[in-house]
Amino acid sequence: MILIATIKEIAKIAKVSSSTVSRVLSKDYSFNVSEETRRNILEIAKSLNYRQRPSKKQNNLGVKKNWNVGLLFWCSEQFELSDPFYMSIRHGIEKECTKQGVMIQRIYRWMNDTSPEIEFSDIDGLIVVGKVEISLERFARIFLSFS
């Protein structure tokens with residue numbers, strides 16, 4: 001039977017906290033820890049055959065979840081296409097999301113829009129561009145009802 005090492009076991013041997021081990025094993029270089037401690041933790045993890053478990057952001061196959069983000073423009077699609085400022089914002093967001101593997105769903109709404117309420121159930125997040133023409137309370141109520 002193969003025993004799998006835990007972060008707690010590594011921390012105990014390395015004489016550091018579990019959170020220190022976690023951040024080092026997650027390759028969090030913004031975390032202030034000496035290079036000696038970092039190397040020590042990595043060596044202990046390797047000697048114990050430590051394997052990281054899939055994070056909550058990964059599905060059962062160990063593959064990163066494909067994030068789907070709504071890009072809400074509070075203007076018409078025609079206006080956005082004719083306005084270089086708004087179009088440059090969209091292009092920048094889409095370029096970065098593509099680099100990060102995030103899918104974008106464009107949503108256009110404007111002041112007198114009579115189309116159905118926005119469907120948020122299939123998106124993981126929302127980027128809003130432009131002046132929102134409804135109350136923040138109503139917007140939050142619509143968004144939170146689907147999350």
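Rings of Phe, Tyr and Trp (its six-membered ring) form an aromatic pair if their centres lie within 6.5 Å; planes under 30 degrees apart count as stacked, over 60 as edge-to-face and the rest as tilted. The structure holds one such pair. Because the ring planes of Phe85 and Tyr86 stand at 70°, with centres 5.6 Å apart, this pair is edge-to-face.

The model is predicted; local features need pLDDT of at least 70, side-chain atom pairs count only at pLDDT 80 or more, and totals for chains, interfaces and linings use all residues. Residues are numbered from 1 along each chain as its sequence is written, and side-chain values use heavy atoms, with hydrogens and water left out.

Buried means under 20% relative accessible area, exposed over 50%, and partly exposed in between (1.4 Å probe, protein chains only). Phe85 is exposed, at a relative accessible area of 53%. Tyr86 is buried, at 18%.

Nonpolar cores were examined next. A nonpolar core is a set of buried Ala, Val, Leu, Ile, Met, Phe, Trp, Tyr and Cys residues joined through side-chain atoms within 4.5 Å. The largest has 13 residues. Within this core, Ile10, Val21, Leu25, Ile41, Ala45 and Tyr50 touch the most other members. At least two core residues come from each of helix H1 (7-14), helix H2 (18-25) and helix H3 (35-47). Here helices (H or I, at least four residues) and strands (E, at least two) are DSSP runs, numbered from the N terminus.

Ile10 was followed through its contacts, meaning heavy atoms within 4.5 Å. Neighbours within four places in sequence are left aside. Ile10 is then in contact with Val21, Leu25, Ile41, Ile44, Ala45, Leu48 and Tyr50.

Charged pairs were considered last. Side chains of opposite charge can pair when their charged atoms come close. A salt bridge is a side-chain nitrogen of Lys or Arg within 4 Å of a carboxyl oxygen of Asp or Glu. By this rule there are four salt bridges.

Glu94 takes part in salt bridges with Arg90 and with Arg106. Glu94 lies in helix H5 (residues 84-100). This residue is buried, with a relative accessible area of 17%. The bridge from Arg90 to Glu94 spans 3.1 Å, N to O. Arg90 and Glu94 are four residues apart in helix H5, so about one helical turn separates them. Arg90 is also buried, at 6% relative accessibility.

The bridge between Glu94 and Arg106 spans 2.7 Å, N to O. This pair links distant parts of the chain. Glu94 is in helix H5 and Arg106 in strand E2 (residues 103-108), twelve residues apart. Arg106 is partly exposed, with a relative accessible area of 40%. Not counting residues up to four places away in sequence, Glu94 touches Ile104 and Arg106.

Glu96 and Lys99 form a further salt bridge, at 3.3 Å, N to O. These residues are three apart in helix H5, so they too are separated by about one helical turn. Glu96 is partly exposed, at 37%. Lys99 is exposed, at 61%. Elsewhere, salt bridges that share partners join Arg90, Glu94 and Arg106 into one network.
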